[in-house]
Amino acid sequence: MSKPTFTWTPDLGAQQSITPSVTQTKFGDGYELRVARGINTQPRMWNVTFSKGPNEAAAILDFFEARAGVEAFSWTDPFNKTGTYVCRQWNSGQAVFGVYSITATFEQVFEY
């Protein structure tokens with residue numbers, strides 16, 4: 001079954017963070033051993049903002065609500081890398097008359 005695709009482009013200023021998955025063991029005298037945990041060790045997380053008119057904002061919110069933080073979707077990030085993501089948290093509000101602001105966190109997931 002194919003995943004839905006998130007097609008909206010975020011505003012400039014999207015922030016990416018990567019926290020490698022590492023197991024570390026500390027020994028005496030300051031020695032330390034580090035090993036990558038698993039096969040997908042560098043998941044990406046994106047903080048994105050969308051400033052859109054009412055129709056586009058409603059469509060984005062409908063997309064998030066339909067996935068409910070459970071269903072993954074395909075998304076191409078600002079570096080033009082396509083991956084599988086979930087959105088577990090988003091906020092929305094009216095920025096100015098006729099423009100709505102949506103902030104969201106996209107977390108990369110690895111599944112088949």
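Author: Rings of Phe, Tyr and Trp (for Trp, the six-membered ring) are paired if their centres lie within 6.5 Å; planes under 30 degrees apart count as stacked, over 60 as edge-to-face, and the rest as tilted. By this rule there are 17 aromatic pairs. One of them joins Phe6 and Phe106 edge-to-face, with 5.3 Å from centre to centre and 80 degrees between the planes. Phe6 lies in the segment before β1 (15–18) and Phe106 in strand β7 (residues 99–108), so this pair ties together parts that are 100 residues apart in sequence. Helices (H or I, at least four residues) and strands (E, at least two) are DSSP runs, numbered from the N terminus.

The model is predicted: local features need pLDDT of at least 70, side-chain atom pairs count only at pLDDT 80 or more, and totals for chains, interfaces and linings use all residues. Residues are numbered from 1 along each chain as its sequence is written, and side-chain values use heavy atoms, with hydrogens and water left out.

Buried means under 20% relative accessible area, exposed means over 50%, and partly exposed lies in between (1.4 Å probe, protein chains only). Phe106, at 0%, is buried, and Phe6 is also buried, at 3%. Phe106 forms a further edge-to-face pair with Phe64, at 5.9 Å centre to centre and 80 degrees between the planes. Phe64 belongs to helix α1 (residues 54–67) and Phe106 to strand β7, so the pair ties together parts 42 residues apart in sequence. Ring pairs link a cluster whose members include Phe6, Phe63, Phe64, Phe73 and Phe106.

Helix α1 has as its buried residues Ala57, Ile60, Leu61, Phe63, Phe64 and Arg67. Seen down the helix axis, these fall within an arc of 150 degrees (taken from the directions from the axis to the C-beta atoms), so they line one face of α1. They pack against β4 (44–52), β5 (73–76), β6 (82–96) and β7. The face turned away from the buried side carries the exposed residues Asn55 and Ala66.

Arg67, buried at 15%, has its charged end over the ring of Phe63, 4.4 Å from the ring centre; such a placement requires NZ of Lys or CZ of Arg within 6 Å of the ring centre and within 35 degrees of the ring normal. The side chains of Arg67 and Glu71 are joined by a polar contact of 2.9 Å. A polar contact is a pair of N or O atoms within 3.5 Å; within protein, one must be able to donate a hydrogen and the other to accept it, and residues adjacent in sequence count only if both atoms are side-chain atoms.

Notes. Contact = heavy atoms within 4.5 Å.
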